[in-house]
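Subject: Structure handover

Hi,

Here is the structure I promised to pass on. Have a look at it first, and my notes on what turned up follow below.

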Amino acid sequence: MAGEGQDGLGRQARGALEERIALMAPSRRLRLALAEEALAGFAAGQPIRVLDAGCGDGLPLLAIARRHPDWTLVGMDLSEELLAGARERAGNRGLGNVSFRQADLTRPPLPEDGFDAVIALECLNEIPDDRTALRTMAESLAPGGIAVVQAPEASWTPILKGSDPTWRKEVRHGYSAKQLAAALGEAGLAEIEVRPTFRATVELAQELRDRIKDRGLALRAAAFPAMLAAVRAERWGLTGGRANALFSLSRRPASG
């Protein structure tokens, strides 16, 4: 019996480490840092309601929920399979301030609205009808609420030979800054800011991570420090090269 308990604990610890490694993927870690910074600046120490549109496995939202227990967070995605996993992780962590609901961003209205903020991180380029999805996100906001969006830059290319030249389930390769700003404006959002991000240091770290993601846990865990350092370098401005993604902040106009 003692051996079974130890084995169970080992599996739990291994599962937790696997999730940490998944969350530490450089591109994901950078998106999370930028989004959380924007949300915290908007919240200014007050509780807010946040929608993660296209939340996927929910790991970034769970990280935010843990660090901001006074925020109410809702993740929505089309995949019930991914959402089921996200709900299980939230329950295992005892996070009562986060929930997950199935929804199609291209078939409004959403199950909930009136959010103070909506985040959409690397999902727009996977949605064929991105214009409808953006309008749905904008309409889910309360007046004065903010939209935090990141998407691949239209001309991005990998650094290393043999790296995948496409972005996961992309239906479009990305957006130019002008195209993204125009799409946000068409959705009814204003005060639009678009800035470049995901430069060479993080791109290289991400490509290296992709090459070892199916290798042994020990190797992937050993890569933790380098992955984190790459993100920190970009956050501190210690990187260069072409931007591979665009980060935007916009706002739903206040009523009246």
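R67 forms a salt bridge with E36, and their closest N and O atoms are 2.7 Å apart. (A salt bridge here is a side-chain nitrogen of Lys or Arg within 4 Å of a carboxyl oxygen of Asp or Glu.) R67 lies in helix α3 and E36 in helix α2, so the pair ties together parts that are 31 residues apart in sequence. R67 is partly exposed at 39% relative accessible area, while E36 counts as buried at 13%. For those words, buried means under 20% relative accessible area, exposed over 50%, and partly exposed in between, with a 1.4 Å probe and protein chains only. Helices (H or I, at least four residues) and strands (E, at least two) are DSSP runs, numbered from the N terminus.

Before you go further: this is a predicted model, where local features need pLDDT of at least 70, side-chain atom pairs count only at pLDDT 80 or more, and totals for chains, interfaces and linings use all residues. Residues are numbered from 1 along each chain as its sequence is written, and side-chain values use heavy atoms, with hydrogens and water left out.

Back to the charges. A search of the whole structure finds 13 salt bridges. One of them joins E112 to R49, with the closest N and O atoms 2.9 Å apart. E112 sits in the loop between β3 and β4 (115-121) and R49 in strand β1, so this pair links parts that are 63 residues apart in sequence. E112 is partly exposed at 21% relative accessibility, and R49 is partly exposed too, at 24%. R209 pairs with D210 at 3.4 Å between the closest N and O atoms, and D130, R131, R172 and E186 are linked in a network of salt bridges.

Leaving out residues up to four places away in sequence, A35 touches L121, V148 and F247, where contact means heavy atoms within 4.5 Å.

Now the strands, which pair if DSSP finds at least two bridges between them. β1 (residues 49-53) and β2 run parallel, joined by five bridges, and A53 stands opposite M76 in β2. Five bridges also join β2 to β3 (residues 98-102), again parallel, with G75 opposite F100 in β3. The chain gets from β2 to β3 through helix α4 (residues 80-93), in a right-handed β-α-β crossover. That means that, with the strands pointing away from the viewer, the path from the first strand over the helix to the second runs clockwise. β1, α3 (residues 59-67) and β2 make a right-handed unit as well. Five of the six residues of β2 (residues 72-77) are buried, so this strand is largely enclosed by the rest of the structure.

Cheers
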